[in-house]
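Morning, everyone. I have a few minutes on one structure, so please bring it up on your screens.

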Amino acid sequence: MSASAIAAVAVAAVAFVATWAAWAAGGFAVDVPWAPAWDLRLSLELDGLGLLYALLAAGVGVLVFAYASAYVPRHLAHEGRPRREEARLHGAMALFLVSMLGLVLARDLVLLFVFWDLTAIASWLLIGFDRANRSARLSALMALLVTTITAVLLLVAILVLRAEYGTTQIDELIAVARPGWAVALAGALIAAAALAKSAQAPLHFWLPRAMAAPTPVSAYLHSAAMVAAGVFLVSRAHPLLALEPALLDGLLAIGLLSIAVGGLLALWATDLKRLLAYSTVSQYGYVVVMLGVGGAAGAAGACLYVLAHALAKSALFMTAGAVTEATGRRELPRLGGLARRMPLLAAGSGAAVATLAALPLTLGFFKDELFFHAAAERGTWLAVAAVASAALTLAYLGRFWGGVFLGRSDAEVRPVPRRLVWPVVALGTLVVAGGIAPGPFAALAEDGAAVTAGGPAPVDVAYHLDGRTENVMALAAWLAGALLLVARPRLQGALSALARAGEAVGPERVYTASLAGLNALSNRIHDVEVRDLRARIAAVLVPASALIALGVVLTPTGGTYAVGPVELEDLPLVLVLAVGALAALATTRPRRHLRLALALSAVGFSLAVVYALLGGADIALVAVLVETLFALLFVGVFSLIPARELRREARRRSTGRTRARNLVIAATSGVVTTLVAWGAFSRPIPDDPAAERYLALADDAHGKDVVTVILADFRGLDTLVEITVVLVAAIAVATLLHGRFRA
Amino acid sequence: MILVAGPLLVLWVAGLALAALDGRRRGVGVLAIAAVAVAFGLQAVLLGRVLADGPQELVAGGWAADVGIRLRVDALGAVFAALSSGIVVAALLQAVATGVRSRSLPALVVFLTLGLSGLFATGDVFSFYVFFELAMIAAYALTAASGTAREVGAAFLFAIVNLVGSFLFLIGIALLYRATGTLEMVAVAEAAGRLEATTAILIAISFFVAFGTKLGLFPFHFWLPTLYATASPPVAAIFAGALANIGAYGLLRFGGAILPNELALSATALIVIGSVSIAYGAIQAIGRRDTREVLAYSSIGHVGYILVALGLGGPVGLAAAVAFSVANALNKALLFLSSELRGRLTAAIFLVGVLSVAGVPPTAGFFGKAALFDAGVRAESWWTVALLFVGGALSFVYVFQIYQHDRWRPREQRERATPLGSAGVGQRLAAGLVALVVLVLGLWPQPLLAAGRDAAEAIVVARGDG
Amino acid sequence: MTSILTRYVARALLAPVLIVSVGILVKGYADVGDGFAAGVVAALALLLQYVAFGTDAVEHALPIRWAPGIAIAGLAIAVLVFAVPMAFGEPPLEHAPPAGEEPVHLGSLELITAVVFDVGVFLLVIGAVGTIIGSLVDPDREAP
């Protein structure tokens with residue numbers, strides 16, 4: 001075993017022992033402020049429900065991690081990859097375990113959400129462990145997208161509850177929540193997130209894909225982590241959900257749908273891991289149905305079911321891995337007869353199958369008893385559905401085990417390491433022990449169910465050799481299951497048709513089509529942007545103008561646009577402005593660069609004259625000087641460009657259409673700018689207290705020319721920044737042209 | 001006083017010294033890092049002081065506030081100042097570790113930081129503009145300094161479009177000054193409340209376009225994708241993580257604090273434009289297969305969220321806008337800084353950024369996203385919540401798609417050979433530090449959420465109605 | 001090559017223009033003009049020399065190589081005016097001598113901090129424009 005594998009097993013073992021010890025010592029609770037700004041608390045507490053799931057995550061973790069320590073090096077060797085990649089898998093598995101523990105202990109919903117998403121991240125890293133494999137990457141992405149996008153619903157639910165009740169502590173919420181829209185909305189969102197995580201129909205499709213992960217990952221993900229997290233959340237939030245009976249009915253419906261879809265597809269599938277994956281969808285459907293039934297009976301059934309299922313399902317996945325490792329095959333029709341070659345594995349997995357199919361003398365028997373009990377309590381129709389479900393389960397599990405271990409095949413069987421077998425045997429032993437002495441298991445489930453039910457939820461486990469309803473239902477289920485198993489070859493056609501229909505129009509198809517559609521749409525829009533929009537100033541001017549025009553249209557304009565009086569003494573000003581306007585118009589015409597530069601400076605100079613006429617001598621002086629400087633610089637720049645380039649550029653005529661378009665854009669921008677300026681100038685100048693203060697204080701600053709005092713003293717900071725701008729501009733020009741700026 | 005003016009002084013002196021020196025020499029680069037780090041340290045202390053004691057201010061020249069220029073740092077400014085300088089420190093560290101090829105890069109980065117630090121600190125509308133211009137011209141120079149024809153082309157487009165934006169901003173300031181008769185922000189905010197609708201809305205729109213252009217908001221974003229995709233990673237990190245903060249801060253300062261009535265009037269328009277930006281950026285990002293191009297479009301989408309939060313308004317909406325902006329700046333800086341690095345540790349660093357952008361805990365981005373949802377839920381604006389959900393879903397698609405594309409495919413399938421072998425210590429340290437901040441804020445969100453809350457409070461107080 | 005007249009005018013104007021620019025600077029506090037305008041005037045004189053005499057001659061005659069240094073020095077002076085008061089616990093850019101106190105006169109030049117600041121602006125403008133002109137006229141020289 002590598003160091004990383006030992007570390008992972010050790011983490012799981014320590015977690016298991018610590019959880020057990022903490023419970024034995026009377027529980028464990030931490031509660032410290034986390035983010036007072038939002039009243040968030042780091043509160044973790046071990047209760048019955050947490051204990052059940054924590055022990056499962058850690059206990060199954062020990063066995064699965066031990067299995068992985070033997071499996072993964074072989075897997076890497078098959079693929080020709082270096083053995084050190086093993087550490088990545090063990091690390092992610094440990095993260096998976098820790099986030100499950102955090103999830104089940106968290107009592108603050110935001111904290112719970114953190115762990116909720118962490119489990120999704122861990123599973124993404126694990127499903128995508130074989131990164132070189134495209135289908136592994138796609139499967140990882142699918143699992144991640146389905147579970148994290150729906151997780152956002154959980155976040156919204158938490159925030160809805162926080163907005164309504166001012167807390168994110170689960171216990172406080174349960175205490176104060178009353179039926180109403182907030183609870184209904186939050187409950188529905190929580191259920192949606194949880195059901196997606198538990199791979200319930202119609203969001204079940206990611207789970208069969210997730211079998212792209214190495215087998216130990218599947219064994220863990222399907223039993224004690226990830227998928228279990230979904231039903232855990234429903235169990236945890238059940239008192240809230242129960243406030244709105246419609247939510248429970250919804251759970252019931254989705255659970256039944258998942259049992260049917262998962263069960264039928266499991267009956268159809270031939271790939272070992274795929275069959276088991278569909279079976280998980282179906283089995284968690286049972287749990288969801290029982291949570292939908294609710295009450296003490298439903299809660300008790302759900303908890304025991306999760307416990308029995310986790311033990312058995314991890315064993316079956318590990319069986320599938322060991323079988324494939326031994327024979328190199330994973331399709332049912334090409335397998336068979338392994339009972340003689342691998343007797344220990346056959347026995348262990350046989351116990352696991354028996355427990356899932358609820359045969360007597362296994363822990364699973366009682367889970368179906370409770371299931372039947374809860375269903376019969378709800379009504380006859382559900383009792384019938386429950387029997388049908390159990391029959392379906394028996395049929396596909398019988399097919400799985402029989403197909404692998406009975407009959408015969410030509411498969412060559414290589415020996416496998418003991419660590420691929422003994423975890424299965426251990427789990428098989430455990431479920432049989434549970435069938436004989438169910439007491440401790442029942443106690444565990446009972447403590448968990450009490451939390452879900454919000455009161456005592458007795459888990460009554462005993463064999464009753466009488467004609468009570470549960471027994472009759474069980475007998476009926478076994479009989480029907482056996483018949484179904486026998487009749488299955490004849491149903492193959494119908495099952496294939498169902499699977500094909502699912503592939504053609506099912507949710508998985510919706511997912512892949514949306515993803516492909518989004519990518520295609522993206523490429524199309526990108527082409528448009530690159531071809532037509534980038535590198536066009538119009539792309540900024542047009543929307544800006546449109547926004548301004550919209551603003552003008554939408555606000556009252558009465559009295560905004562005024563025409564002031566024009567008197568004779570304004571004549572010079574008007575003339576200079578007219579010259580400026582003509583010069584501005586002229587800049588739109590010339591093709592010769594020199595003339596363009598001259599027209600631009602004509603605009604500038606006429607503005608300088610305007611400043612002078614309005615009494616801004618300082619500004620006029622600077623304007624004249626700067627205009628001169630710029631005119632000369634323009635000329636200087638043009639002299640640097642080869643004359644041929646300039647002529648070519650000048651000759652380039654725009655075509656009629658772009659010309660018209662440019663004209664419209666330019667005119668619109670001009671008109672809008674004019675409107676803005678006109679609107680501003682139509683208002684009387686407010687008295688400017690600052691100006692008077694400047695004049696009054698100029699003496700204090702020892703200056704007589706107030707403009708200079710403003711620039712160098714009152715607003716010297718602005719000037720300091722502006723001259724820094726000039727320096728940076730010089731650096732920029734020198735760097736661009738010279739490649740350097742050297743002092 | 002030393003805390004308010006000190007960062008500016010340090011950066012000015014350092015900028016001057018660096019302008020005279022050859023920035024390609026390692027020692028010079030280290031000097032630049034030290035200067036920005038000192039400024040950052042002062043700003044971090046200032047932030048603590050502001051959060052504890054309220055706004056810190058001084059008037060240049062010791063004049064009265066209506067004559068001189070008042071520097072006034074409130075929680076909003078302090079948060080953005082420390083954030084931006086911190087990101088520049090990390091980016092500069094990576095630039096120097098990679099090896100500076102342009103003589104003037106350190107000086108330009110320091111001047112850019114000076115411009116940013118100044119505009120976050122000033123309480124005067126015009127002085128905001130000049131600092132803004134300083135940061136922008138340094139940015140133009142930074143892009144122009146890098147060289148190839150494609151880069152210079154992108155830089156040119158960047159400069160032209162943003163100059164149009166700056167020009168509109170200047171017009172807006174002129175209008176505001178003419179209408180209110182003052183440049184001092186507190187007085188402007190007071191007088192702006194009495195403006196007639198048309199004038200006020202025109203001013204508001206010109207500011208909006210100016211900051212929208214700066215942020216790269218759809219449809220003012222066309223300069224952004226090529227620029228972010230062609231600039232060197234540290235420069236792109238500075239642009240996306242520090243420079244773009246001008247836009248977010250400007251919208252909050254001018255929209256939230258100075259023109260709150262207009263902000264409220266245009267709430268629907270903001271949410272609509274924000275939504276379009278979210279959808280456009282996200283959909284563009286989905287089809288891209290170049291990490292930095294995805295990041296560029298993702299930036300366009302993410303500024304849409306800031307706008308939506310502003311549109312939701314109220315203390316919760318403004319707090320969400322601040323918290324999201326902070327997380328977003330950190331995310332983008334982190335992703336750009338780690339986008340070209342290879343190696344095991346850097347894959348983890350990049351992953352932190354990916355998770356944060358998607359809003360997956362335990363990262364700062366998660367709480368940024370949660371704050372947005374919280375604002376939508378509290379406003380009972382279910383359309384906005386639905387929009388955030390869809391936008392978030394699209395961002396899950398593109399970040400994880402590009403992560404798998406870039407990091408998981410076997411090397412022989414990747415289009416280009418990795419430019420850097422295994423990254424050097426300095427390069428990883430730069431990205432690692434930002435990743436650490438993102439993680440710490442994800443595990444201990446109190447500073448982020450409290451900063452958002454206090455900054456929003458500062459905005460509301462500045463309006464005078466809080 | 002430019003005409004003889006141009007060259008004559010350019011040479012004849014150089015000294016007067018520079019004197020005028022210094023005059024604008026000095027008189028700035030009493031009359032129209034300031035350090036920025038003065039700097040631009042001086043820069044224009046410089047530009048005229050380039051136009052009239054060409055690169056080599058100008059670089060022989062005038063210290064154009066120092067332009068970036070002059071720019072940096074100018075900004076350094078202005079930053080000092082910003083910074084020095086802070087050393088005495090006063091706000092940045094605090095002017096000296098304080099209000100009401102009569103500054104020292106050197107002819108019509110008053111010795112106040114704002115004038116020092118303006119000198120910084122003047123030098124910066126000359127230096128920056130000189131740098132830009134220097135890069136424009138001979139972009140390929142000493143490219144690294």
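Predicted model: local features only at pLDDT ≥ 70, side-chain atom pairs only at ≥ 80, totals over all residues.

Start with two helices of chain C, α3, residues 67-87, and α4, residues 113-137: their axes come within 7 Å and cross at roughly 155°. Anything over 145 degrees counts as roughly antiparallel, and α3(C) and α4(C) are therefore roughly antiparallel to each other. The crossing of α3(C) past α4(C) is left-handed. As for what the contact of α3(C) with α4(C) is made of, I count 18 nonpolar residues, seven polar ones and no charged ones.

Staying with chain C, here is the rest of the chain. How many helices and strands does chain C have? There are four helices and two strands, and along the sequence they run α-α-α-β-β-α. Along the principal axes, the C-alpha atoms of chain C fill a box of roughly 55 × 40 × 20 Å. Chain C has 144 residues, and 46% of them are buried. On contacts, take the pairs in chain C that are at least 6 apart in sequence: 70% of those contacts join residues at least 24 apart.

Next, where chain C meets chain A. The contact involves 41 residues of chain A and 42 residues of chain C. Which elements of chain A give two or more residues to the side that touches chain C? They are α26 (617-640), α30 (706-714) and α31 (716-738). Of these, α31(A) gives the most, with 14 residues. By class, the chain A side of this contact has 24 nonpolar, ten polar and seven charged residues.

Last, a helix pair within chain A. Helix α2, residues 48-79, and helix α3, residues 86-105, have axes that come within 10 Å and cross at roughly 175°. That angle makes α2(A) roughly antiparallel to α3(A). On the α2(A) side, the contact residues include Gly50(A), Tyr53(A), Ala54(A), Gly61(A), Phe65(A) and Leu76(A). On the α3(A) side, they include Glu86(A), His90(A), Met93(A), Leu97(A) and Leu105(A). The contact of α2(A) with α3(A) comes to 16 nonpolar residues, three polar and one charged.

To recap the two helix pairs: α3(C) and α4(C) are roughly antiparallel, and α2(A) is roughly antiparallel to α3(A). The contact in chain C has no charged residues; the one in chain A has one. That is what I have.

Note on methods. Residues numbered from 1 in each chain as written. Chains lettered and ligands numbered in written order. Axes fitted to C-alpha atoms, helices over the stretch in contact; angles between N-to-C directions. Parallel < 35°, antiparallel > 145°, perpendicular 65-115°, else oblique. Contact = placed C-beta atoms within 7 Å. Nonpolar A, V, L, I, M, F, W, Y, C, P; charged D, E, K, R; others polar. Left-handed = near helix turned anticlockwise from the far one by under 90°. Buried ≥ 20, exposed ≤ 12 C-beta atoms within 10 Å, placed from the backbone.
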